[in-house]
Amino acid sequence: MHPVDTVRTRLWVQDKVAPELRYRGSLDAVCKINRSEGLKAFYKGFGSVLAVTPLAYGVYFSTYEAAKHYIGKRSGAGTESPAVHFAAGIAANITGQIAWTPMDVIKQRQQAVQGTPFRGLAHAFGTLYREGGVTNGLLRGYTAALYTYAPFSAAFFAIIYEGWKVEVTEMQRSLGVHSTTADRLSPLTNSLGGLCSGAVSAALTAPTDAVKTRMQVECQCDGKGFLAVARNMWKEEGAKVFVQGVGARMAW
């Protein structure tokens with residue numbers, strides 16, 4: 001799905017980061033990128049994803065499971081409570097984004113422009129550190145990422161995915177399949193639930209992701225907070241800037 005992510009990034013930073021790149025929508029972006037840069041352009045930044053994602057997911061899901069059991073036990077609500085899933089999803093993002101944020105900055109800077117801004121992964125990390133140290137370099141946009149992905153995970157786990165499992169279980173029981181529980185659904189059912197949950201959650205958090213992407217890629221955003229960047233985007237580009245990449249984000 002990396003090519004879709006590249007299209008999403010191009011749509012959200014066009015005009016500001018790379019004024020020479022202008023797209024009318026996702027399909028137009030695909031055609032123009034392929035025509036002017038070739039297929040390899042869709043995979044810019046993929047090296048950082050391969051290097052960091054296993055670590056980030058390990059931290060993320062370890063935190064989610066640990067937080068779910070800890071909060072469920074301490075609160076007395078148990079591990080099946082939507083509120084517990086909601087809180088555990090937020091906790092997982094707080095730790096996971098420490099690994100994901102540098103990867104996002106590197107990946108999106110490569111995706112946003114024609115050409116190659118870094119000579120390799122080590123050079124990319126070094127460049128970010130020299131530009132702003134840890135907080136405004138490697139972790140640039142960390143808070144904005146939490147605004148984006150904490151609600152995404154909370155909505156995914158607590159509101160949609162876990163709810164989907166409960167509803168499917170009840171439906172199967174009404175059809176006479178009494179051996180099914182929410183934790184023992186088929187892989188196909190879980191995959192379908194994850195697909196639908198991810199698409200809905202992605203659409204709901206698209207506006208905050210647009211702001212996060214702009215903060216991490218655009219140099220003019222240095223020192224500006226999430227709300228300041230969002231207000232500036234609204235003032236200069238209107239509401240459409242927050243949703244023009246929503247289709248690609250849902251597909252991603």
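**Figure 1. Overview of the predicted chain.** The structure is a predicted model, in which local features need pLDDT of at least 70 and side-chain atom pairs count only at pLDDT 80 or more, whereas totals for chains, interfaces and linings use all residues. Residues are numbered from 1 along each chain as its sequence is written, and side-chain values use heavy atoms, with hydrogens and water left out. The chain contains 11 helices and 0 strands (DSSP runs numbered from the N terminus: H or I of at least four residues for helices, E of at least two for strands). Of its 252 residues, 47% count as buried (under 20% relative accessible area, with exposed over 50% and partly exposed in between; 1.4 Å probe, protein chains only). Among contacts (heavy atoms within 4.5 Å) between residues at least 6 apart in sequence, 69% join residues at least 24 apart.

**Figure 2. Crossing of helices α4 and α5.** The axes of α4 (residues 82–112) and α5 (residues 121–132) come within 11 Å and cross at roughly 105°. Axes are lines fitted to C-alpha atoms, for helices over the stretch in contact, and angles run from 0 to 180 degrees between N-to-C directions. The two helices, α4 and α5, are therefore roughly perpendicular (65 to 115 degrees; under 35 is roughly parallel, over 145 roughly antiparallel and the rest oblique). From α4, Pro-102, Val-105, Ile-106 and Arg-109 meet Leu-121, Ala-124, Phe-125, Leu-128 and Glu-131 of α5. The contact residues comprise 7 nonpolar, no polar and 2 charged (Ala, Val, Leu, Ile, Met, Phe, Trp, Tyr, Cys and Pro are nonpolar; Asp, Glu, Lys and Arg are charged; the others, Gly among them, are polar).

Figure 3. Gln-110 belongs to helix α4 and is buried, with a relative accessible area of 16%. Not counting residues up to four places away in sequence, Gln-110 touches Lys-44, Gly-45, Pro-117 and Phe-118. Gly-115 is located in the loop between α4 and α5 and, at 39% relative accessibility, counts as partly exposed. Although Gly-115 and Lys-44 are 71 residues apart in sequence, their C-alpha atoms are 9.5 Å apart in space.

Figure 4. Lys-68 lies in helix α3 (residues 46–75). With 13% relative accessibility, Lys-68 counts as buried. Leaving aside neighbours within four places in sequence, Lys-68 is in contact with Thr-79, Val-84, His-85 and Ala-88.

**Figure 5. Packing of helices α1 and α9.** Helix α1 (residues 2–13) packs with α9 at an angle of about 80°, their axes being 9 Å apart. Helices α1 and α9 are therefore roughly perpendicular to each other. Arg-8, Thr-9, Trp-12 and Val-13 of α1 make the contact with Ala-206, Asp-209, Ala-210, Thr-213, Arg-214 and Val-217 of α9. These residues divide into 5 nonpolar, 2 polar and 3 charged.

**Figure 6. Nonpolar cores.** The largest nonpolar core has 12 residues in all, including Trp-12, Ala-144, Ala-206, Met-215, Phe-226 and Phe-242 (a core being a set of buried Ala, Val, Leu, Ile, Met, Phe, Trp, Tyr and Cys residues joined through side-chain atoms within 4.5 Å). At least two residues of this core come from each of α9 (206–217) and α10 (226–237). Ala-144 is in contact with Lys-212, Met-215 and Phe-226, leaving aside its neighbours within four places in sequence. Another core, of 11 residues, lies apart from this one and has Val-52, Tyr-64, Ala-92 and Met-103 among its members.
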